[in-house]
Amino acid sequence: MALLEEIAARLINQGVGVQGSSASWSVFKGWEPEIPDQCISIFETGGLPNQPHEGDLLDRPTFQIRIRGANTSTGYPTVRAKIAAARTALEAMTGNFSNRYYCQVVAQSEPLSLGHDATHRPRLVINFTALRSRN
């Protein structure tokens, strides 16, 4: 299973997002659709050099979580709470996932606002680095 699938599965299993294509807080891998308004998108952003560990190499992929909310007065606070929940779920991601061992997942910064899109929906992003086994 690829990085996006592993991260999406974690967010869904932790109740941060849902699987589907039209429900609020659906998780999308590699794209952000026009609907639903409230959605979670995951994008690969490259990675860092591999890290040696006890004769093996550990991969250090990087990825971004983008949260978009509704264009209402409560849109921004809701998006802010959702990105905090995603961060909590991902930074607690240690152990085996899809035959890979995740040593850690760490946010590279605090959430960053992308402002509002063309239909006035608030958007926040946060970037992560993972440390995981090769297989």
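H1 and H2 are roughly perpendicular to each other (the class for angles of 65 to 115 degrees; under 35 is roughly parallel, over 145 roughly antiparallel, and the rest oblique). By class, their contact has five nonpolar residues, one charged residue and no polar ones. Here Ala, Val, Leu, Ile, Met, Phe, Trp, Tyr, Cys and Pro count as nonpolar, Asp, Glu, Lys and Arg as charged, and the others, Gly among them, as polar.

This is a predicted model, in which local features need pLDDT of at least 70 and side-chain atom pairs count only at pLDDT 80 or more, while totals for chains, interfaces and linings use all residues. Residues are numbered from 1 along each chain as its sequence is written, and side-chain values use heavy atoms, with hydrogens and water left out.

**The helix pair**

Two packed helices are described by the angle between their axes and the distance between the axes. H1 covers residues 3-13, and H2 covers residues 75-91. Helices (H or I, at least four residues) and strands (E, at least two) are DSSP runs, numbered from the N terminus. The two helices pack at an angle of about 115 degrees, and their axes are 10 Å apart. Axes are lines fitted to C-alpha atoms, for helices over the stretch in contact, and angles run from 0 to 180 degrees between N-to-C directions. From H1, Ile7, Arg10 and Leu11 meet Ala86, Ala89 and Leu90 of H2 (contact means heavy atoms within 4.5 Å).

The buried residues of H1 include Leu3, Glu6 and Ile7. Buried means under 20% relative accessible area, exposed over 50%, and partly exposed in between (1.4 Å probe, protein chains only). Glu6 has a relative accessible area of 2%. Its side chain makes a polar contact with the side chain of Arg100, at 3.1 Å.

Arg132 sits in strand S7, residues 122-133. Beyond four places in sequence, the residues that Arg132 touches include Glu6, Arg100, Asp59 and Pro61. Ala130 also lies in S7. Among the contacts of Ala130 beyond four places in sequence are Asp59, Pro61 and Phe63.

| Residue | Relative accessible area | Class |
|---|---|---|
| Glu6 | 2% | buried |
| Arg132 | 7% | buried |
| Ala130 | 1% | buried |
| Trp25 | 12% | buried |
| Asp56 | 53% | exposed |
| Asn99 | 72% | exposed |

Asp56 is in strand S3, residues 56-68. Its C-alpha atom is separated from that of Ala84 by 33 Å.

**Backbone features**

Just after H1, Gly15 takes a positive phi of about 80 degrees. Trp25 also has a positive phi, near 65 degrees, and is a residue other than glycine. Trp25 belongs to the loop between H1 and S1. Asn99 is another non-glycine residue with a positive phi, near 65 degrees. Its place is the loop between strands S4 (95-97) and S5 (100-107).

Where is the cis peptide bond? The bond joins Ile35 and Pro36, with omega about 5 degrees. Pro36 is in the loop between strands S1 (26-29) and S2 (39-53).

Conventions: Polar contact = N/O pair within 3.5 Å; in protein donor to acceptor, adjacent residues only side chain to side chain.
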